[in-house]
Amino acid sequence: MPLEDLPKLRGKPPHVARYALLQETEWEWRWMQPPNTPMVFPAVLNDHQSVVRSGSSQNRSVEAP
């Protein structure tokens, strides 16, 4: 998937991290899945600005209310 398609699907990422040694950049979105499950969706981009990995999972770094 090209880089320009990702914000069209998910919006602008609130968190971006660059991993220079891996030559990758991670974009991350977080949301609450009803009724109260914190979720995270990371997308990893290579230096050619293509998505190489993505997925969603429960955000274990946040306690659910």
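Modeller: One definition first: a residue is called buried if its relative accessible area is under 20%, exposed if it is over 50%, and partly exposed in between. Note also that this is a predicted model.

Colleague: Why is Trp27 called buried?

Modeller: Trp27 has a relative accessible area of 12%. The limit for buried is under 20%, so Trp27 counts as buried.

Colleague: What about Trp29, buried or exposed?

Modeller: Trp29 has 5% relative accessibility, so it counts as buried. Phe41 is buried as well, at 15% relative accessibility.

Colleague: How many aromatic pairs are there?

Modeller: Two rings pair if their centres lie within 6.5 Å. By this rule there are two aromatic pairs. In one of them, the ring centres of Trp27 and Trp29 are 6.2 Å apart.

Colleague: What makes the pair of Trp27 and Trp29 edge-to-face?

Modeller: The angle between the planes. An angle over 60 degrees counts as edge-to-face. The planes of Trp27 and Trp29 stand at 70°, so this pair is edge-to-face.

Colleague: And why is the pair of Trp29 and Phe41 called tilted?

Modeller: Planes under 30 degrees apart would be stacked and planes over 60 edge-to-face, so what remains is tilted. Trp29 and Phe41 have 45° between their planes and 5.7 Å from centre to centre, and the pair is tilted. Trp29 belongs to strand S2 (residues 24–33) and Phe41 to strand S3 (residues 37–46), so this pair ties together parts that are 12 residues apart in sequence. Through the ring pairs, Trp27, Trp29 and Phe41 are linked into a cluster.

Colleague: How do you know that the charged end of Arg10 sits over the ring of Trp31?

Modeller: For Arg, the atom CZ must be within 6 Å of the ring centre and within 35 degrees of the ring normal. The charged end of Arg10 is 5.1 Å from the centre of the Trp31 ring and sits over it. Arg10 also lies over the face of Phe41, at 4.7 Å from the ring centre.

Colleague: Which elements does the chain have, and in what order do they run?

Modeller: There are one helix and five strands. From the N terminus, the order is α-β-β-β-β-β.

Colleague: How do you know that S2 and S3 pair?

Modeller: Two strands pair if there are at least two bridges between them. S2 and S3 are joined by 10 bridges and run antiparallel. One example is Glu26, whose bridge partner in S3 is Val44.

Colleague: Which other strands are joined to S3?

Modeller: S3 is joined to strand S5 (residues 57–58) by two bridges, in the antiparallel sense. That meets the requirement of at least two. Here Val40 has Ser57 as its bridge partner in S5. S3 also pairs with S4 over three bridges, again antiparallel, and Val44 stands opposite Arg53 there.

Colleague: What makes S3 mostly covered?

Modeller: Of its 10 residues, eight are buried. For the chain of 65 residues, the buried share is 29%.

Colleague: What is the mean pLDDT of the chain?

Modeller: The mean is 88, and 92% of the residues reach 70 or more. Among the elements, helix H1 (residues 5–10) has the lowest mean pLDDT, 80, and strand S1 (residues 15–19) has the highest, 95. Where pLDDT is low, the predicted coordinates should not be read in detail.

Terms used: Residues are numbered from 1 along each chain as its sequence is written. This is a predicted model: local features need pLDDT of at least 70, side-chain atom pairs count only at pLDDT 80 or more; totals for chains, interfaces and linings use all residues. Side-chain values use heavy atoms; hydrogens and water are left out. Rings of Phe, Tyr and Trp (its six-membered ring) pair if their centres lie within 6.5 Å; planes under 30 degrees apart count as stacked, over 60 as edge-to-face and the rest as tilted. Buried means under 20% relative accessible area, exposed over 50%, partly exposed in between (1.4 Å probe, protein chains only). Helices (H or I, at least four residues) and strands (E, at least two) are DSSP runs, numbered from the N terminus. pLDDT is the predictor's confidence in each residue, from 0 to 100.
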